[in-house]
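Subject: Structure handover

Hello,

Here is the structure I promised to pass on. Please open it and keep it beside you while you read my notes.

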Amino acid sequence: MAEVTDEMKQEIREILYDFYAEECEVDQATLTDDTNVIEDIEGDSLMFLELLETFKKKYDLEVELKSIGKYVLKHPADTLGKLITLTELIVEKGDAIGDVE
């Protein structure tokens with residue numbers, strides 16, 4: 001678990017936007033935090049799992065998918081903004097993300 005600094009938040013945002021722009025073949029300038037990954041840019045839930053591996057390596061994270069799933073059941077992450085928040089929580093809480101209300 002790590003404290004998420006403002007620099008890390010900006011880095012997470014940039015990585016997420018770059019990834020989805022490239023994977024969904026859209027102009028990054030058209031993306032906003034309100035962009036719905038599935039409905040607006042034809043992404044899918046498996047893309048985040050691929051991206052999660054990048055964050056695991058970058059921030060030396062060990063987090064179980066079931067912990068993330070437990071959180072996402074209560075807090076669906078369908079927009080880029082919600083995915084940014086989810087990623088920040090994963091970096092900060094690790095496996096304890098499943099216990100976040």
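Is the crossing of H4 and H5 left-handed or right-handed? It is right-handed. Bear in mind that this is a predicted model.

**The helix pair**

Start with the geometry. Helix H4 covers residues 65-74, and helix H5 covers residues 80-93. Their axes lie 12 Å apart, and the two helices pack at an angle of about 140 degrees. Angles over 145 degrees would count as roughly antiparallel. H4 and H5 are therefore oblique to each other.

Now look at who meets whom. H4 brings Ile68, Tyr71 and Val72. H5 brings Leu86, Leu89 and Ile90. By class, this contact has six nonpolar residues, no polar ones and no charged ones.

**The core**

The largest nonpolar core holds 30 residues. Those with the most contacts inside this core include Leu86 and Ile90, which also take part in the meeting of H5 with H4. Leu16, Tyr20, Leu80, Leu83 and Ile97 are on that list too. In soluble globular proteins, nonpolar side chains tend to be buried together.

Take Leu16 as an example. Not counting residues up to four places away in sequence, Leu16 touches Leu51, Leu80, Leu83, Ile84 and Thr87.

**A buried serine**

Ser67 sits in helix H4. Its relative accessibility is 12%, so Ser67 counts as buried; the cut-off for buried is under 20%. What does Ser67 contact, leaving aside neighbours within four places in sequence? The partners are Asp95, Ile97 and Gly98.

**Two loop residues**

Next, check two backbone angles. Glu25 is in the loop between H1 and H2. Its phi is near 55 degrees, a positive value in a residue other than glycine. Asp60 is in the loop between H3 and H4. Its phi is near 50 degrees, again positive and again not in a glycine. Glu25 counts as exposed because its relative accessibility is 72%. Asp60 is exposed as well, with a relative accessible area of 67%.

**Before H1**

Last, find Thr5 in the segment before H1. At 34% relative accessibility, Thr5 counts as partly exposed. Thr5 and Glu64 are 59 residues apart in sequence. In space, they are 23 Å apart, C-alpha to C-alpha.

Best wishes

Methods. Residues are numbered from 1 along each chain as its sequence is written. This is a predicted model: local features need pLDDT of at least 70, side-chain atom pairs count only at pLDDT 80 or more; totals for chains, interfaces and linings use all residues. Side-chain values use heavy atoms; hydrogens and water are left out. Axes are lines fitted to C-alpha atoms, for helices over the stretch in contact, and angles run from 0 to 180 degrees between N-to-C directions. Helices (H or I, at least four residues) and strands (E, at least two) are DSSP runs, numbered from the N terminus. Angles under 35 degrees count as roughly parallel, over 145 as roughly antiparallel, 65 to 115 as roughly perpendicular and the rest as oblique. A crossing is left-handed if the near helix is turned anticlockwise from the far one by less than a right angle, and right-handed if clockwise. Contact means heavy atoms within 4.5 Å. Ala, Val, Leu, Ile, Met, Phe, Trp, Tyr, Cys and Pro count as nonpolar, Asp, Glu, Lys and Arg as charged, and the others, Gly among them, as polar. A nonpolar core is a set of buried Ala, Val, Leu, Ile, Met, Phe, Trp, Tyr and Cys residues joined through side-chain atoms within 4.5 Å. Buried means under 20% relative accessible area, exposed over 50%, partly exposed in between (1.4 Å probe, protein chains only).
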